[in-house]
Amino acid sequence: MKEVIRKVVLVSLGTSQKASRSMLTGILRCSWRHPEIEIRIRGSLTEREWISPIDAGAIVGAIVGGPDDCLTKRILAMPNLKAVVFTYGEIPAAFRTKAASVKADEQAIGETAANLFLKHGLRHFAYISALGNLYWDHDRERSFRETLADDGFETAVYRQRRSKSLDMAGLGRWLKSLPSPCGVFAANDQLARVVIDVCRLEKLDIPRRLQVLGVDDEDFICELSTPTISSVSPDFEAGGDMALEMLNGLLEGCKCPERNLKMPVQAVVERLSTTDFTDSANRVAVAREYIRKHATDGIGVQNVVSRVVGSCRMLEKDFRSILGHTIREEIIETRLSAVRRLLRNSTVPIDQIAAKCGFSKGNYLKNIFRKRYGMTMRDYRNGK
């Protein structure tokens, strides 16, 4: 019988941002498939505190943040330590023989943003670059511009490279100069929030004059903005899974065919900042926003209808023509998303999940879940 080599994987990822928390979730879920791996989550400690004590007989690997971090550099410099780094840029040349990286797919992010605006029928587009000369920002911008150029459109670009703070007045003047309506793609959610604030000061209507889109789907930024911010959401959880699988291969001495993996785009989470400017689309957007926030409270179709102007018949027609399904189906799908999150990220007993997610009957949820996903809720939680 082949001896199972015990592995200790040290993980140093901050938990203040959704991206890092989702990556950590992916790492932990992946570890369920590898019982020989012990995950040790460490904070930003000193090198000595971080790396020791390690039990004898185990091999050690690390999953850490970007390669420019001082702790990461010290870890990568340790003899015989393999590592996977989450990064926007490239692994330093000195570490490429012992480290691999997982990063966002910037090309897919740019294409997704461009295609959203094209789907909305826009003909004018803009990109707002992040401060500094950043690798990922260049790639994100290039992909957005090239996707639109393939359809015959040009992109206005706002860059401010030589300052540590954003020129709000200059950004305001630039936004006012854009033709209307215009799709504005900001490099990340923080920058999208700045755009929303500047538009409020300049009395630029969102979304009728400008539609604003960010990246990362950082909930506390997107949900607490007025209007709420639409965002491209990379699949950070998949990135965590990819990182641990790659590190496991490195620890076993496998030659990785690709040392720079890219996490896919999960979805565009549409909120009010990219609402179409037609009346029908506006009603649907407002209704979906209400459903997204209250689906787990046990709401029904009439609760949704009461939030918009127009009759139930009119809103049902809008849902069918724009989304291709009914209001009730939207409510159920939103509840199922909440169910999947609880199954993935919590230990809430399965029998209690129905009530927490707005389903009045547990057996109904179990049946619809099996039909929709081809497995039981328990199998989904166990990663089968």
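Predicted model: local features only at pLDDT ≥ 70, side-chain atom pairs only at ≥ 80, totals over all residues.
Author: Residues are numbered from 1 along each chain as its sequence is written, and side-chain values use heavy atoms, with hydrogens and water left out.

Reader: What makes a residue count as buried, and how many of the 384 residues do?

Author: Buried means under 20% relative accessible area, exposed over 50%, and partly exposed in between (1.4 Å probe, protein chains only). Of the 384 residues, 50% count as buried.

Reader: Why are helix 13 and helix 15 called roughly perpendicular?

Author: Angles under 35 degrees count as roughly parallel, over 145 as roughly antiparallel, 65 to 115 as roughly perpendicular and the rest as oblique. Helix 13 (residues 327-345) and helix 15 (residues 362-373) pack at about 90°, so they are roughly perpendicular to each other. Their axes are 11 Å apart.

Reader: What makes up the contact of helix 13 with helix 15, by class?

Author: Its residues are nine nonpolar, no polar and four charged. Ala, Val, Leu, Ile, Met, Phe, Trp, Tyr, Cys and Pro count as nonpolar, Asp, Glu, Lys and Arg as charged, and the others, Gly among them, as polar.

Reader: Why is helix 1 called oblique to helix 9?

Author: The axes of helix 1 (residues 18-31) and helix 9 (residues 236-251) cross at roughly 45° and come within 6 Å. Helix 1 is therefore oblique to helix 9. By class, their contact has six nonpolar, five polar and four charged residues.

Key. Axes fitted to C-alpha atoms, helices over the stretch in contact; angles between N-to-C directions. Helix = DSSP H or I, 4+ residues; strand = E, 2+ residues; numbered from the N terminus.
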